[in-house]
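Subject: Structure handover

Hello,

Here is the structure I promised to pass on. Please open it first, then read my notes below.

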Amino acid sequence: MKLRLGKLEVIKLGKHCALALALSMALAASSVGGQIVDRVVTNVNGHVVLQSDWEQEMAFEALSNGRDPDSFTSAERNAALDRLIDQELLREQVRPSQPAPAEQVTARVTEVRKLHPDCATDEGWHAKLQRYGLTQSALEKRLSDEIQLMRLVEDRLRPSIQIDQRAVESYYHDQLLPEMQKAGRGAAPLPEVFGRIKDLLAEKKMNELLSGWLASLRSGSHILTPEPSAGERNR
């Protein structure tokens, strides 16, 4: 018995073939040498973080710390992924509504650029960005997001921080003086360093509050991290 395809069936079959072709082309475009270029590395409350996001974060951290982009250990890479997760959790709570002031972003770009002696010229700077797989606009956006996110976090946590005189005096006598004596150096009088000690203790408290907040956010969130590929495990 011969089977015949009606006109409608032929059209449907043609659509299926076109869809299959499109899918195969998409897979080919996302693969190089049999390896997938991009993949999901974690899902934070429904927000997908891709391998490319992770790689760009590593490039940003390397550039911002004057390090070679290929010098990070597996533990450091995992720590960077944890920071990406933390950033997304914070954005859910205090998502910036506008970019950071341009002058603040420019100042941060200048700070990063100074970490690299070979970036005194624009040519050297652009070559450096290319080496790290970044663009000027991507770097500026990342710095802007960081500035705004930390400002909003500070606005939320800073008002609850109170450093009294007793805490400053305790740090001065119990920690600063012994450290200076051990180093064979004389410590400055308390009035001269009072403000700096107070700021130091405030920053320490800020970090403690932020760590506690992030731990609370993580405990109440759905974070799914797929098993790493063999290539990623071997890095």
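Helix α3 (residues 74-94) and helix α8 (residues 190-219) pack at about 85°, and their axes lie 10 Å apart. Axes here are lines fitted to C-alpha atoms, for helices over the stretch in contact, and angles run from 0 to 180 degrees between N-to-C directions. The two helices are therefore roughly perpendicular (65 to 115 degrees; under 35 is roughly parallel, over 145 roughly antiparallel, the rest oblique). From α3 the contact takes D82, I85, D86, L89, L90, Q93 and V94; from α8 it takes L210, W213, L214, L217 and R218. Contact means heavy atoms within 4.5 Å. By class, that is eight nonpolar, one polar and three charged residues. Ala, Val, Leu, Ile, Met, Phe, Trp, Tyr, Cys and Pro count as nonpolar, Asp, Glu, Lys and Arg as charged, and the others, Gly among them, as polar.

A word on the source. This is a predicted model: local features need pLDDT of at least 70, side-chain atom pairs count only at pLDDT 80 or more, and totals for chains, interfaces and linings use all residues. Residues are numbered from 1 along each chain as its sequence is written, and side-chain values use heavy atoms, leaving out hydrogens and water.

Helix α3 also packs against α6 (residues 136-157), at about 60° with the axes 10 Å apart. These two are therefore oblique to each other. On the α3 side, Q87, L90, R91, Q93 and V94 take part; they meet R142, L149, L152, V153 and R156 of α6. This contact has five nonpolar, two polar and three charged residues.

Now the sheet. Three strands form an open, antiparallel sheet in the order β4-β3-β5. Strands count as paired if DSSP finds at least two bridges between them. Strand β3 (residues 40-44) joins β5 over two bridges. V44 has I223 in β5 as its bridge partner. Helix α2 (residues 51-64) lies across β3 and β4, at about 60° to β4.

Finally, the whole protein. It has nine helices and five strands. Both are DSSP runs numbered from the N terminus: helices are H or I with at least four residues, strands E with at least two. Of the 235 residues, 29% are buried (under 20% relative accessible area, with a 1.4 Å probe and protein chains only). Among contacts between residues at least 6 apart in sequence, 70% join residues at least 24 apart.

Best wishes

Methods
Buried < 20%, exposed > 50% of the residue type's maximum accessible area, 1.4 Å probe, protein only.
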